[in-house]
Amino acid sequence: MQDNTAFLNFIIEKSNPYISSLGGQAGYQEFRKKNAEYDSEFSSLEEMVASYIQGIEDDEPEAQFFSRVLLLMYSHYEKRGASPQILKDWVLEKLERIGDTDQSADDILRLKMGKGISKTKPLHNRLMCVCFVELKTREGLSKTEAINCASNELKISDRNLYRFCEGINISSEVSNDTLVFFRDNDVSDDYFAY
């Protein structure tokens, strides 16, 4: 969850000037053009791949997301002949297991949708919930009241909502327009398009 926290703080803060000045979708697309490379806490692509593989092996809640990201990265980098060896090895090992066992590709690659909002699209779900809660607190509700409201409306447990909000720091400079955009729009397919 920690890696996602830094990433989501980055998305909210850095996109805000574009969304505030240009509006929702147009502002977000301009932000994506200007910030095509996210300087993450990983020092290399290999380190990021290794961390995601470890997350899958440790059966973290984001394991399905990690697997999808690795497959997208493989497709993206392999077209350019630039896939890191650790990623090639991971994909090859999974393909060999698919051929050698009775398990489905979805099971081996961890692509089956899990139960509940936190496993289907974890980054989008977390971003949507955090923005929802922040908007409610800006309307004058306490954090507890905002989380209860979000829990009732979004059908997510209070516990998960508290977890989602942990570590996300939305400054007062972030406009309500930015929060509404991320609350109402699923841009998760775009997160790792670079």
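**Exercise 1. Determine how many disulfides the predicted model contains, and explain the result for cysteine 165.**

Solution. A disulfide is taken here as a pair of cysteine sulfur atoms within 2.5 Å, and by this rule the count is zero. For cysteine 165, the closest cysteine sulfur belongs to cysteine 129 and lies 7.5 Å away, which is too far for a bond. This is a predicted model, in which local features need pLDDT of at least 70 and side-chain atom pairs count only at pLDDT 80 or more, while totals for chains, interfaces and linings use all residues. Residues are numbered from 1 along each chain as its sequence is written, and side-chain values use heavy atoms, with hydrogens and water left out.

**Exercise 2. Classify cysteine 165 and cysteine 149 as buried, partly exposed or exposed.**

Solution. Buried means under 20% relative accessible area, exposed over 50%, and partly exposed in between (1.4 Å probe, protein chains only). Cysteine 165, at 8%, is therefore buried, whereas cysteine 149, at 23%, counts as partly exposed.

**Exercise 3. Describe how helix α8 and helix α11 pack.**

Solution. Helices are DSSP runs (H or I, at least four residues), numbered from the N terminus. The axes, lines fitted to C-alpha atoms over the stretch in contact, with angles from 0 to 180 degrees between N-to-C directions, come within 8 Å and cross at roughly 140 degrees for α8 (residues 122-138) and α11 (residues 176-184). This angle makes α8 oblique to α11, since angles under 35 degrees count as roughly parallel, over 145 as roughly antiparallel, 65 to 115 as roughly perpendicular and the rest as oblique.

Definitions and conventions:
Helix = DSSP H or I, 4+ residues; strand = E, 2+ residues; numbered from the N terminus.
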